[in-house]
Amino acid sequence: MERVRTGIDGLDEMLEGGLPRSQAVAVMGSFGTGKTTFALQFIQQGLKQGEKGIYISLEEDQESILGAARSFGWELAPYIEQKKLAIVKLEPNDAKTTITRIRSELPDFIKSFGASRIVLDSVSLLNLLFEADHEKRSNLFNLIQMIKRTGATCLMTAEVNDSNPNASRDGLVEYAVDGVIALRYEENKERAEVQLTVRVMKMRRIAHSRRVKPYAITGRGIEVHAAADAF
Ligand SMILES: Nc1ncnc2c1ncn2[C@@H]1O[C@H](COP(=O)(O)OP(=O)(O)OP(=O)(O)O)[C@@H](O)[C@H]1O
Ligand SMILES: [Mg+2]
């Protein structure tokens, strides 16, 4: 299985090289755990390696995404000018157009753009466009198949269920994707602090680590401390 480096060194180590190429992986976590940072780092790593990427956002607009990346020292604007990166903002309020656009335009756009990395931030917001559970499910499975068929590697961010940090908000994405990486807050009462931890919960066809590792979000992005243990 060919690997795609995430650009997060300690995590690539846990994954024995990176994410499986042409597969879909979800990064799941509650607010502020670094899902968007992770997605940006994944895109930035690709650009650095000469790959093209598409960042589909349902939340933040292009300016805000560029600003977030800049805060980690990643200047993305030149890549947009050189047509190596596209940031697509989808409007959740305009559900019908958004769904039509994704269905009819996305696969051709990925192919003609030549993108090998696709980010969807967040799939939880995308799922809100559909009312019935069966619609959410079939749309999600179709979307993932559609992206995988282009050969691109897809990273989607997902919000978690408030009462179960092991499950996504709608309990669907974790079954639809090939891999799940969970970002979490862990309370350390003795030291009166919260620790951020990462675990690989699933990665089809990869003998990944099952250890829980601490990570930090710094001015250089996410850093997983692979040598340290969380507990
Ligand atoms: N430039 C930076 N340097 C250090 N830490 C940062 C920087 N930018 C953001 N952070 C930290 O990362 C956190 C937010 O990360 P991010 O936006 O990636 O989270 P998220 O999981 O996408 O959140 P949400 O669910 O709200 O979209 C901030 O709350 C802050 O703690
Ligand atoms: Mg975010």
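User: I am looking at helix α7. Which residues on the other side of α7 are exposed?

Analyst: Good place to start! His-134, Ser-138, Gln-145 and Arg-149 are exposed there. Keep in mind that this is a predicted model.

User: And which residues of α7 are buried?

Analyst: An α-helix has 3.6 residues a turn, so residues three or four places apart point the same way. In α7, the buried residues are Lys-136, Leu-140, Leu-143, Ile-144 and Ile-147. They cover an arc of only 95 degrees around the axis, which puts them on the same side of α7.

User: What covers the buried residues of α7?

Analyst: Several elements do, including the strands β3 (24-29), β6 (115-121) and β7 (153-161). Helices α5 (95-113), α6 (123-127) and α8 (173-176) are also among them.

User: How many Å should the 17 residues of α7 span?

Analyst: Count 1.5 Å a residue, and helix α7 (residues 133-149) should span 24 Å.

User: Where do Ser-22 and Lys-83 lie?

Analyst: Ser-22 lies in the loop between β2 (19-20) and β3, while Lys-83 is found in the loop between α4 (77-81) and β5 (85-89). Ser-22 is partly exposed, since 18 other C-beta atoms lie within 10 Å. Lys-83 counts as exposed because it has 10 C-beta neighbours inside 10 Å.

User: Which peptide bond is cis?

Analyst: Look at the bond from Asp-121 to Ser-122, where omega is near 0 degrees. You will find Ser-122 in the loop between β6 and α6.

User: Now the ligand. Which residues around ligand 1 come nearest?

Analyst: There are 13 residues around ligand 1, and the nearest are Gly-32, Lys-35, Thr-36, Thr-37 and Ser-71. By type, the shell divides into three nonpolar, nine polar and one charged residue.

User: Which element gives the most to that shell?

Analyst: That is α2, with three residues. Both α2 (35-48) and β11 (213-218) supply at least two residues each.

Terms used:
Residues numbered from 1 in each chain as written. Chains lettered and ligands numbered in written order. Predicted model: local features only at pLDDT ≥ 70, side-chain atom pairs only at ≥ 80, totals over all residues. Near = placed C-beta within 6 Å. Helix = DSSP H or I, 4+ residues; strand = E, 2+ residues; numbered from the N terminus. Nonpolar A, V, L, I, M, F, W, Y, C, P; charged D, E, K, R; others polar. Expected span 1.5 Å × (residues − 1). Buried ≥ 20, exposed ≤ 12 C-beta atoms within 10 Å, placed from the backbone. Arc of directions from axis to C-beta. Contact = placed C-beta atoms within 7 Å.
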